[in-house]
Amino acid sequence: MLGTLHLDRNPLGAEGGEGLALGLRSNSLTLLTLASSDLRDGGARALLGALQENKSLTRLDLSTNHFGDVAGTAAAQMLRWNCTLAWLSMQENSVGDAGGAAIGAALQHNSALRSLSLKANSFHDAAGEALVAGMRASTALTEVFPRVAPAVPGVCRRGLSVVLT
């Protein structure tokens, strides 16, 4: 059975992400890397939706896939239901305040995620406050990237430094 699948830098696009999602509902994958695969919101939303039911995947890399709040909100929904994903990277996308706030709220209900990377997205204070609250409430989260957030506005940066120290 396949346990690891690396598809980084393959131009899957939204259609490829949607097709891959069909196979994620029940399989034995524990690691899936899709960095720089041009999933956009549609492909990422489909993948993240499939992971609500997945019981094997523990690591997922969705870095640099040109998605925004639609995928951010889908990630939040997935985090509310998925109880096996321990490591998630969504860095270098365009998730904004709506997606960031939704992820922050979902972190309060997730007991599996231990590591989360959201660096180089488009968060402002509202999302930052929600993320900080979610990180504080999380019983599992032990690693958050970036550890220092110089590009994040004031309230968010101060909150992250309190959570991470």
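Which residues does Ser37 touch, not counting residues up to four places away in sequence? The answer is Leu7, Asp8, Arg9, Asn10, Pro11, Leu12, Gly13, Thr64 and Asn65. Contact here means heavy atoms within 4.5 Å. Notes on the structure follow.

1. Basis. This is a predicted model, in which local features need pLDDT of at least 70 and side-chain atom pairs count only at pLDDT 80 or more, while totals for chains, interfaces and linings use all residues. Residues are numbered from 1 along each chain as its sequence is written, and side-chain values use heavy atoms, with hydrogens and water left out.

2. Overall layout. The protein has six helices and six strands. From the N terminus on, the elements run β-α-β-α-β-α-β-α-β-α-β-α. Helices (H or I, at least four residues) and strands (E, at least two) are DSSP runs, numbered from the N terminus. Take the contacts between residues at least 6 apart in sequence: 86% of them join residues at least 24 apart.

3. Burial and surface. Of the 165 residues in the protein, 47% are buried. Buried means under 20% relative accessible area, exposed means over 50%, and partly exposed is in between (1.4 Å probe, protein chains only). The accessible surface comes to about 7500 Å². Carbon and sulfur atoms hold 54% of that surface. Areas come from the Shrake-Rupley method with a 1.4 Å probe; for residues, only the protein chains shown count as cover.

4. Ser37. This residue sits in the loop between strand S2 (31-33) and H2. Ser37 is buried, with a relative accessible area of 0%. Its side chain reaches the backbone oxygen of Leu7 at 3.1 Å. That is a polar contact: a pair of N or O atoms within 3.5 Å, where within protein one must be able to donate a hydrogen and the other to accept it, and residues adjacent in sequence count only if both atoms are side-chain atoms.

5. Asp8. Asp8, one of the residues that Ser37 touches, lies in the loop between strand S1 (4-6) and H1. Asp8 counts as partly exposed, at 29% relative accessibility. Beyond its neighbours within four places in sequence, Asp8 is in contact with Thr33, Leu34, Ala35 and Ser37. The side chains of Asp8 and Thr33 make a polar contact at 3.3 Å. Asp8 and Leu62 are 54 residues apart in sequence, with 9.1 Å between their C-alpha atoms.

6. Asn65. Look next at the loop between S3 and H3, where Asn65 is found. Asn65 is buried, with a relative accessible area of 0%. A polar atom of its side chain lies 3.1 Å from the backbone oxygen of Leu62. Not counting residues up to four places away in sequence, Asn65 touches Leu34, Ala35, Ser36, Ser37, Asp38, Leu39, Arg40, Glu92 and Asn93. Asn65 and Arg40 are 25 residues apart along the chain, yet their C-alpha atoms are separated by 5.6 Å.

7. Charges. Side chains of opposite charge can pair when their charged atoms come close. Arg40 and Asp38 meet in a salt bridge through their side chains (3.1 Å, N to O). The rule asks for a side-chain nitrogen of Lys or Arg within 4 Å of a carboxyl oxygen of Asp or Glu. By this rule the count is one. Arg40 is partly exposed at 43% relative accessible area, and Asp38 is partly exposed at 28%.

8. A charge over a ring. The charged end of Arg59 sits over the ring of Trp87, 4.2 Å from its centre. The criterion is NZ of Lys or CZ of Arg within 6 Å of the ring centre and within 35 degrees of the ring normal.

9. Helix H2. In H2 (residues 40-50), the buried residues are Gly42, Gly43, Ala44, Ala46, Leu47, Leu48 and Ala50. They pack against helix H1 (13-24), strand S3 (59-61) and helix H3 (69-81). Gly49 also lies in H2, but is partly exposed at 22% relative accessibility.

10. Positive phi. His66 has phi near 55°, a positive value in a residue other than glycine. His66 is placed in the loop between S3 and H3 and is partly exposed at 48%. Glu92 has a positive phi too, near 60°. Glu92 sits in the loop between strand S4 (87-89) and helix H4 (97-107), and its relative accessible area is 42%, partly exposed.
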